[in-house]
Every structure is written in structure tokens, then in C-alpha cells.
Amino acid sequence: MWKYPKLYDVIVVGGGHAGCEAAHASAKMGAQTLLITMNPDTIAKMSCNPSIGGTAKGHIVREIDALGGLMGKAADRTSVQFRMLNASKGPAVRSPRSQADKTAYSLEMKYRLEKTPNLEIKQGTVESLIIENHQVIGVILREGIAYSGQTVVLTTGTFMRGLMHIGSTNFPGGRGGDYAAVGLSPCLESLGFELGRLKTGTPPRIHRRSIDFSLCEEQRGDEGVHFSYDAPEERMKQIPCFITYTTEQTKKIILQNLHRSPLYAGIIKGVGPRYCPSIEDKIVRFADKARHQIFLEPEGLFTEEIYVNGISSSLPYDVQLETIHSIIGLEHAEVIRPAYAIEYDYIKSSQITPALETKRISALFLAGQINGTTGYEEAAGQGLIAGINAACRALGRSPFILKRSEGYIGVMIDDLVRFDLDEPYRMFTSRAEHRLLLRQDNADLRLRPKAFQLGLISQEQMDRTIHKQQTIDGESERLTQLYRPVDGKSTSIAQLIRRPDWTYQKALEQFPDAIQDHGADLNEQIGMQLKYAGYIERQQKEVTKMEHLDNARIPNNFDYLQVIGLRTEARQRLSRFSPENLGIASRIYGISPADISILLIALQKKWR
């Protein structure tokens, strides 16, 4: 074993979406950072759908950008179609989504990382961790090299003991075409971590020339949609996607072959994502549905591969072919890559802190699917926070904790430290109780001040954010006091904008002498601040009301078994999760308000 002659501040293991953001954030903060990946050519590889964003996920991408991350910029640069989902609904649930050129996205992310100061990228497969006094101090590679670091961030994706399934055939792999990582799981188990098994999957890819698009519905993108709050990236050519449907024949084929599915035959033990089910699951769970929607999404401008979104499967290849050919417009489809399911190891809940540091081994941080999540965006959001906190620890700074009232990323991490996950975690707008405060359009106003304090954005970026906030606040106040005659009454323009049939744009057209055009984005922000002022104020009061619980910290060694009056179930759950504060404790499943009251009294005695 040869020891590399350099001590790094942060070592990031894995070059997926979590690893990219972790390495970039720590290096941007001034930490000497090493990114170790099995193959530098597959950095930020889109192994499933080449899309970024979507419902709630788009919020996360905009938060990543607001905090100085890369995902939004790379997606803007390599998008082949942009859409705003839920555009006709309320502002809290609108979410941007991009269909990306998967090869261009990976190359763009790799290039941006290569240009990042303080960041080195090296090829290798990490087999084990070097531990001293319950603290990680480095990693050992299969290639016979040891790297030393003050902190380590594990972003292993689906590679830990990854096992791929196509019908009755299974073989080790981290994803299509890549080897599994076999050494880390035993290493983590030997350190006392409790591991579990999860499952995910991907649909087949087919050749464009074999699709009858005349039988499908064309779906074009939206103009003016983007992720980044900074200068617009030069766009690639925008192209359409298509929609088609399964048939009764599809249903018949799958039901006749369920016994050949490793999922239903009991071969796959890991639990899959409930909200992204395989086509087998859809047919069984929604037996009354005559058809299911399928999206045909291009994988890029310089490939003829089409991603068949909606038929993720682990069925044998012959059944996959029969199934695809039963779908409208795909009767003669040529399959380039078959669908597969993959099982992999993850670290069970309750073993990480809100900073994403493990409780058992200090200086060891986890991000992405190793924490039980699914999705590029969820992984990238965690990677960003893990990278920030690894750098904070190495540089002697306080941890950075994003509260659930401050961002969707905060909601996700709060959920991960207090949930017993029994399926891969996916973000939804419904998970955020303060979602009107956490809109995708105001992530910069919420988070850029924090990013600036951390050194993740420039003074120029911060100045633009300050000017934007001042403009919104100033115009909102001015329009509250500016009256105009409407329907025979003198009414403030703010009151007019609050009416259901009025918007800022309508007011601008009606009173061009009184209202300034600040551009589409700012106009919309001012209009929303006025229209939803009452609801926003109410949610802010709720946040303030709960802050005292989040500020009430619980000592690491607190003995819940000694708290008189606490129910047995509450003692067991609190001992298992070891919450950092009363706020997290109050949100653990099975903990009642009465338990929190009793715990508060016990803590007050200890504090005294």
C-alpha cells in the first residue's frame, strides 16, 4: 500500500450528482479537495432519465444554484427542452424541468469541475476507510493507494454491492456498463453501521427511426424557463418530446408474465420507489386503468436514442420486447438498451446528523442514495450540504444547517434524520409545510445571503440579490399606498392585484404611468408578494412560533430512559434517532406533544 504524499481537507468518494456538488462546494470554500471516481469519463452521468428538475425537484435545483452549486447552470447550458410544470396552478407548486443532452451534461459538469481551483480529480475505486479514534482520516483504493484527508464524503450512488436484474438473470453492477463497489459495504458494517437494501430501475432505450411519431402526441417546451439566477447560459437547440400510451395488450402481456419478474418472484429483496413504479407495479396496483401514459424523450441532439419514460422494468428481455411492441407507435421499435432493476446497499436512517455527518464516525459525511434517497436532484442537494459541512469542519468553522423552513433541501435533510425509511425517499411539494415561502422563484432571495457568508457566491451576485429584494419590497410598499379610481372607487393598486382576476402585468397595462416594468421575473415576484401577502405573513408567524423548539438543543449523551413520565415508545424512538434539538424530536413519527412537554421539563432541569 502506497501513501499519497498530500493531506487533503476534503476527500469526496464518487463522481455522481452528489459528489460533483460536494467537491465543488468544498473547493469553492477554500478547502483542498480530492474527488475520487471510478471513471472520470462518467462524472455526472445520467444513468436513468436525462432530465433535471420536475415537481419539487425543480425547487431543489434552483436552491442549489442559489447556494452557488453547478447543477442548474449545467442543465441550462445542455437543455434540449424546458418546461414549467403546474404553470396553471398556484406559485408554490410550479416547478421547472429540463430535458438535457445526457452526454453534453456530463461533459459540461466535468469541464466545470476541472476548472475549479483547489479541486483535484483522480481515478480509483475506494475499498475501505482509514479510521483512528472513531474518526476517518483517509481512504484506501483497490489500486493500492491510500489518500489522507481531514474529512471524507461518501457519495456512492447505487454502487455499493450493486446487483442488476433482467428477468432471472442477475449480475454485479453499479449501473449499466459499470462495475459494482464491493469493499465499502463490509467496511461500513465492520464499523457498526446498519445497512439496508433498496431497489431502483430504468426503462429501455429505443431507436428514433423505429417509432411511428404520427401516432403520438407532440409535446413542445416553454419559452423563458431556466434554473440559474445568473446570466443566461447559451442554449442548445430545443426539440420536442412525445406522448403515447400502453394498451390492453400491454396489460395482458405483463399479467401473463408476472411470474417471470424477479420483483414478483421474490428474487429482488430491496424496496423500490413508490412514486416511480415499474410497469409491472403499475399494471398490478392500478388494475382498473385501461392505459398508462408513456413519454418518449430524446437522450440528446447527437444520438438517436429515445428514453421510454414510464416503463421501467425488470422483466426478461423477450417480455420487454413484446411489451414495447404493444405500445401505440412502438409496434416496430428497435431496442438499443434493455430495462433493468438494480439493488444496492444504503445506510439506514438515524445514523446521520442534520449536517450529514455520521454519528458513529466523526468527519465522515454521507450524501445521495447512500442515505436512502432517489433522484439526481435530491442527491445533488445533499452533496452540496455535505461538501459545505466537510469544508466547515476541515477549516474550523461551525456547521451549516439548513432548516426545513428555509428550503426544500432543508426539508429533505430534516426528513432523512427523523424518518425510518422503508422505500427510496423522493421529494414532493406536499412534504414542505411552508411551501408558499419556499417557492422556486425566490430561492435566491432565501439562500444567497447564506451562500455569500460561506464564500460560495461573488460580491456581484450578492449585490444583484440585494437590489432585487429592495426593488420587490420598495414597489410592494409603494403600490400599497398608490390609489387609482376603479369602478367608481379609489382603490390601491396593491388591492387590485390581490383580486383573483388581476395580476401585476394587468395593472401595468392599465396604469403604465404609475407602474414600472421591471422585467418578467421581477414583475411576477412583486405581484406574488402583494397577492399572497396575508398567506405569507401567516406562514412566517408559524415558522417563528416553532423556532424556539429548533433552538432548544439536546445534549448528545442525553439519557431518555431516565426521563420520568416519558412513554416507552417515545424513549425508544428518541434513543434511536438521538435528535439534535426539540424541533427534530417533535417531528419524529410516534412522538406526541405530551412527550415533548415532558422532555422540555427534563431538559430545563438539566440546563439548570
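Me: Why is Arg161 called partly exposed?

Reply: Keep in mind that this is a predicted model. Arg161 has 29% relative accessibility; buried means under 20% and exposed means over 50%, so Arg161 counts as partly exposed. You'll find Arg161 in the loop between strand 9 and strand 10.

Me: What makes the phi of Arg161 worth a look?

Reply: Most residues other than glycine have a negative phi. Arg161 has a positive one, near 50°, and Arg161 isn't a glycine. Ser578 is another such case, with a positive phi of about 45°. Ser578 is in the loop between helix 17 and helix 18, and at 30% relative accessibility Ser578 counts as partly exposed.

Me: And which residue takes a positive phi just after helix 1?

Reply: That's Gly30, with a phi of about 100°.

Me: How do you know that the length of helix 1 agrees with its number of residues?

Reply: Helix 1 runs over residues 17-28, which is twelve residues. At 1.5 Å a residue the helix should span 16 Å, and its end C-alpha atoms are 17 Å apart, so the two agree.

Me: Why is helix 1 called mostly covered?

Reply: Eleven of its twelve residues are buried, and buried means under 20% relative accessible area. Among the buried ones are His17, Cys20, Glu21, His24 and Ser26, along with alanines such as Ala18 and Ala22.

Me: Let's go to the rings. Why is the pair of Tyr4 and Tyr147 called tilted?

Reply: Their centres are 5.0 Å apart, and rings pair if the centres lie within 6.5 Å. The planes are at 45°; under 30 degrees would be stacked and over 60 edge-to-face, so the pair is tilted.

Me: What makes this pair a link between separate parts of the chain?

Reply: Tyr4 lies in strand 1 and Tyr147 in strand 9, so the pair ties together parts that are 143 residues apart in sequence. Ring pairs also link Tyr4 and Tyr147 with Trp2 and Tyr8 into a cluster. In total, the structure holds eight aromatic pairs.

Me: How do helix 11 and helix 12 pack?

Reply: The angle is about 145°, and the axes are 10 Å apart. Helix 11 passes helix 12 in a left-handed crossing. On the helix 11 side, the residues in contact are Asp444, Leu445, Arg448, Pro449 and Phe452. They meet a set in helix 12 that includes Gln459, Met462, Arg464, Lys468 and Ile472. The contact residues of the two helices divide into five nonpolar, four polar and four charged.

Me: Why is Asp595 called buried?

Reply: Asp595 comes out at 2% relative accessibility, and buried means under 20%, so Asp595 counts as buried. Asp595 lies in helix 19. Leaving aside neighbours within four places in sequence, Asp595 is in contact with Leu566, Arg567, Ala570 and Gly590.

Me: How about Glu569, is that one buried or partly exposed?

Reply: Glu569, in helix 17, has a relative accessible area of 35%, so Glu569 is partly exposed.

Me: Which residues does Gly201 touch beyond four places in sequence?

Reply: Cys48, Ser312, Tyr340 and Ala341. Gly201 lies in strand 12. Gly201 and Ser312 are 111 residues apart in sequence but 5.9 Å apart in space, C-alpha to C-alpha.

Note on methods: Residues numbered from 1 in each chain as written. Predicted model: local features only at pLDDT ≥ 70, side-chain atom pairs only at ≥ 80, totals over all residues. Heavy atoms only, no water. Helix = DSSP H or I, 4+ residues; strand = E, 2+ residues; numbered from the N terminus. Expected span 1.5 Å × (residues − 1). Buried < 20%, exposed > 50% of the residue type's maximum accessible area, 1.4 Å probe, protein only. Axes fitted to C-alpha atoms, helices over the stretch in contact; angles between N-to-C directions. Left-handed = near helix turned anticlockwise from the far one by under 90°. Contact = heavy atoms within 4.5 Å. Nonpolar A, V, L, I, M, F, W, Y, C, P; charged D, E, K, R; others polar. Phe/Tyr/Trp six-rings, centres within 6.5 Å; stacked < 30°, edge-to-face > 60°.
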